[in-house]
Amino acid sequence: MIPLSDDNPSKTAPVVTVAIIGLCALAFIWELRFGPRMDEALVAFGITPSSFESGVPLNKVGLPVWATIFTAMFLHAGWLHIIGNMLFLWIFGNNIEDAMGHVRFTLFYLICGVAAALTMAMLDPHSNTPMIGASGAISGVLAAYMLLYPRARVHTLLILGILFYFARLRAVWVVGIWFAIQLVTAVLTPPSEPGTAWWAHVGGFAMGLILTPLFKSRDVPFFGPYDTRGPWADG
C-alpha cells in the first residue's frame, strides 16, 4: 500500500516541510559523493547506540554524541529509503505544518525524531550499527495526521501480488494499517537484527500521539474533516 497524494489542501505554504525535504536531498547528494565509501559518512553522522552508553562517539569528525541524533534525521541509506520517506513527508507533512504553524511543527518534527532514536537506542544499547533516516520523525507526523484528519481521502496504490489497484482510502486506514505493520514487525524482529529500525517508527509514532494535542492550533479540531462518502473507499 503506497500513498500517492491526499485530498486535503493546506491553507499556508509548507515552507518547513519543503525545507526538510530539500535538506534531506542535499544530504543524500553529499552521501553519493562518497561512492563505495558511503558507509563512512553514515558512521560519522548516524546514531550509534553504544556511543550513548560510553559517551565516546565513533565518528572521527569530533561530532558530539547528542548531535548525531539530529544529523541522522537527514541521512538515508539508498534511493528507495529517501524516496519513500520524502513521499510520506510531502503528502502528510504540509497539513500538519498547517495545523501547528511553522515553528511548532519544526519542534514537533525534531522531538519525534529524537524520541524515535532514543527508543531504538534503549532497546539495543550495545549496538555499533549507526541508525539513519527521517522515518522516526515522519512517523510522528503520521500519528498527528491520523488524529487530526482521519477522514481525509488518500489516493493509494494497492499492490496485491502482480495486481495493482488505485483507491481513495480514508487516512485512518492508510496510517492505521501502516502503523500496525510497523508494530507487528517490531515485536517479531529482534532489535539487534540489522536492517530497518522498526521500534524507532513505533517510538516516533507514540511521541506524535502524545505531542499533537499540545502542538496543534486551538482552532484545529480532532478527527476532521468529516466525510460521509463510505467507510472505506469510493474509487
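## Before we start

Residues are numbered from 1 along each chain as its sequence is written, and side-chain values use heavy atoms, with hydrogens and water left out. Because the model is predicted, local features need pLDDT of at least 70 and side-chain atom pairs count only at pLDDT 80 or more, while totals for chains, interfaces and linings use all residues.

Helices (H or I, at least four residues) and strands (E, at least two) are DSSP runs, numbered from the N terminus.

## The sheet

Let's begin with the strands. An open sheet of three strands has the order β1-β2-β3, and the pairing is antiparallel. β1 and β3 are at the edges with a single partner strand each, so one side of each has no neighbour in the sheet. From one strand to the next, the twist averages 25 degrees; angles run from 0 to 180 degrees between N-to-C directions, and axes are lines fitted to C-alpha atoms, for helices over the stretch in contact.

Two strands count as paired if DSSP finds at least two bridges between them. Strand β1 (residues 2–6) is joined to strand β2 (residues 153–160) by four bridges. Here isoleucine 2 stands opposite leucine 157, and proline 3 has threonine 156 as its bridge partner in β2. On to the next pair: β2 and strand β3 (residues 163–170) share eight bridges. Leucine 157 turns up again, with phenylalanine 166 as its bridge partner in β3. The hairpin of β2 and β3 has two residues between the strands, and glycine 161 in this hairpin takes a positive phi near 65 degrees.

## Two helices that pack

Helix α8 (residues 171–188) lies across β1, β2 and β3, and runs at about 115 degrees to β3. Helix α7 (residues 135–148) packs with α8 at an angle of about 145 degrees, and their axes are 9 Å apart. Their crossing is left-handed, meaning that the near helix is turned anticlockwise from the far one by less than a right angle (clockwise would be right-handed).

Which residues meet where α7 and α8 touch? Ser139, Leu142, Tyr145 and Met146 in α7 meet Ala171, Val172, Val175, Gly176 and Trp178 in α8, where contact means heavy atoms within 4.5 Å. By class, this contact has seven nonpolar, two polar and no charged residues. Ala, Val, Leu, Ile, Met, Phe, Trp, Tyr, Cys and Pro count as nonpolar, Asp, Glu, Lys and Arg as charged, and the others, Gly among them, as polar.

## The cysteines

How many disulfides are there? A disulfide is a pair of cysteine sulfur atoms within 2.5 Å, and by this rule the count is zero. The sulfur of cysteine 24 has its closest cysteine sulfur in cysteine 112, 15 Å away, which is too far for a bond.

Cysteine 24 is buried, with a relative accessible area of 0%, and cysteine 112 is buried at 0% as well. Buried means under 20% relative accessible area, exposed over 50%, and partly exposed in between (1.4 Å probe, protein chains only).

Asparagine 94 lies in helix α5 (residues 79–100) and is buried, with a relative accessible area of 15%. Leaving aside neighbours within four places in sequence, asparagine 94 is in contact with Ser10, Pro14, Thr17 and Leu89.

Proline 130 lies in the loop between α6 (102–123) and α7. Its relative accessible area of 25% makes proline 130 partly exposed. Not counting residues up to four places away in sequence, proline 130 touches Leu42, Val43, Gly46, Ile47 and Thr48. The C-alpha atoms of proline 130 and isoleucine 69 are separated by 10 Å, though the two are 61 residues apart along the chain.
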